[in-house]
Amino acid sequence: MTTGEGAGSVTCDTCPHACKLGPGRVGRCRARGWQDGTVAPLSYGRITSIALDPVEKKPLARWRPGGWLVSVGSYGCNLSCPFCQNHQIAQAGADDVPWRTVLPEELVGITLDARARNQQRVEGIAHTYNEPLVAWEYVRDTGVLAHEAGLANVLVSNGCAQPHVIDALAPLVDAANVDLKGFTSDYYRWCGGDLDTVKASIKRLAAEPTCHLEVTTLIVPQRNDDPHAMEDLARWLGSIDPNITLHVTRYFPRWRMSGGNPTPVTTVHELADVARGELAHVVVGNC
Ligand code: SF4
């Protein structure tokens, strides 16, 4: 999982940033850091948000409709999209936000309690709000226990993680929504991510027989609202499986882009129509 670099520094192999970390340092995501000569998921089990959300809010349009998920998030993210819609926790570290430790056993217990109170409509656990893969070991450990308890696991992610991370989680994930933020390397560079890595994650999850996959593209005006790029994106997704649901969603100004206007509703609908040329299930969001 980690590589010694000499002089006490180690390299994180969770995402393409490959942060080199010396003693006391945390990575670009603020969630992983140096600990006793190795890279550790310091945010493991540190929960900043927990809520009972409808499945549709993740968003998942074609998986167990009407169900509910105990949804948890921590802090940190390996991307830095200037328009981050969850920046209060995603662009934060351990000292910036209140959190409490909820270890996997406790989270499964909370979810079973919620199911008992809600007459079986609680399907399981969703890892969401910040970027779950920066502490992917928590998703893995909770996922194993959740399956043993008859609960489902849902992952809402930017998908920007190395293949060994996705390989470890894919058999445990029953449903995923992965952001495909745009379809150019420049756009991903602007967001601090890597398009090819995300495409590989989407292909891997789509190939997992027990994983239901949906994809979300947030449309930011004058940044990724080119119909030709949307056509390329949808065609590529359709080449994997034309039945993958694509959510084309409306952006609202946030964080470093808090000025400006939301995406025009007409733009979202026009781009969704473009995508429908390649995909059977395209839904608009936030409109
Ligand atoms: S997961 Fe975090 S610490 Fe690891 S390489 Fe990515 S940004 Fe750096």
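The following questions and answers concern the fold and selected residues of a predicted model.

Residues are numbered from 1 along each chain as its sequence is written. In this predicted model, local features need pLDDT of at least 70 and side-chain atom pairs count only at pLDDT 80 or more, whereas totals for chains, interfaces and linings use all residues.

Me: How many helices and strands does the secondary structure of the protein chain come to?
Reply: Helices (H or I, at least four residues) and strands (E, at least two) are taken as DSSP runs, numbered from the N terminus. On that basis the protein chain comes to eight helices and 15 strands.

Me: What radius of gyration does the protein chain have, against that of a compact globule?
Reply: The radius is taken over C-alpha atoms, and the globule rule is 2.2 Å times the number of residues to the power 0.38. The C-alpha trace spans about 50 × 50 × 35 Å along its principal axes. For 287 residues a compact globule would have a radius of gyration near 19 Å, and the chain agrees with this, having 18 Å.

Me: In which order do the eight strands of the open sheet run?
Reply: Two strands pair if DSSP finds at least two bridges between them. The pairing in this open sheet is mixed, and the order is 7-8-10-11-12-13-14-15.

Me: Which are the edge strands of this sheet?
Reply: An edge strand here pairs on one side only. The twist averages 20 degrees from one strand to the next, where axes are lines fitted to C-alpha atoms, for helices over the stretch in contact, and angles run from 0 to 180 degrees between N-to-C directions. The edges are strand 7 and strand 15 (282-285).

Me: Is strand 8 enclosed or exposed, and how many of its residues are buried?
Reply: A residue is buried if 20 or more other C-beta atoms, placed from the backbone, lie within 10 Å of its own, exposed if 12 or fewer, and partly exposed in between. Trp68, Val70 and Val72 point one way from strand 8, while Leu69, Ser71 and Gly73 point the other way, and all are buried. Strand 8 (residues 68-73) is therefore largely enclosed by the rest of the structure, the buried count being six of the six.

Me: Which residue in strand 10 stands opposite Trp68?
Reply: Strand 7 (residues 49-54) runs antiparallel to strand 8 and is joined to it by six bridges, with Pro54 as the bridge partner of Trp68. Strand 8 and strand 10 (residues 122-127) run parallel and share five bridges. In strand 10, the residue opposite Trp68 is Val122.

Me: Why do the buried residues of helix 3 line one face, and within what arc do they fall?
Reply: Trp136, Tyr138, Val139, Thr142, Gly143 and Ala146 are the residues buried in helix 3. The arc is that of the directions from the helix axis to the C-beta atoms. Seen down the axis of helix 3, the buried residues line one face because they fall within an arc of 140 degrees.

Me: Where is Arg30 found?
Reply: Phi of Arg30 is near 70 degrees, a positive value in a residue other than glycine. Arg30 counts as buried because it has 22 C-beta neighbours inside 10 Å. Its place is the loop between strand 3 (20-21) and strand 4 (32-35).

Me: What is the phi of Tyr129 near?
Reply: Tyr129 lies in the loop between strand 10 and helix 3. Tyr129 is buried, with 23 other C-beta atoms within 10 Å. In this residue other than glycine, phi is positive, near 75 degrees.
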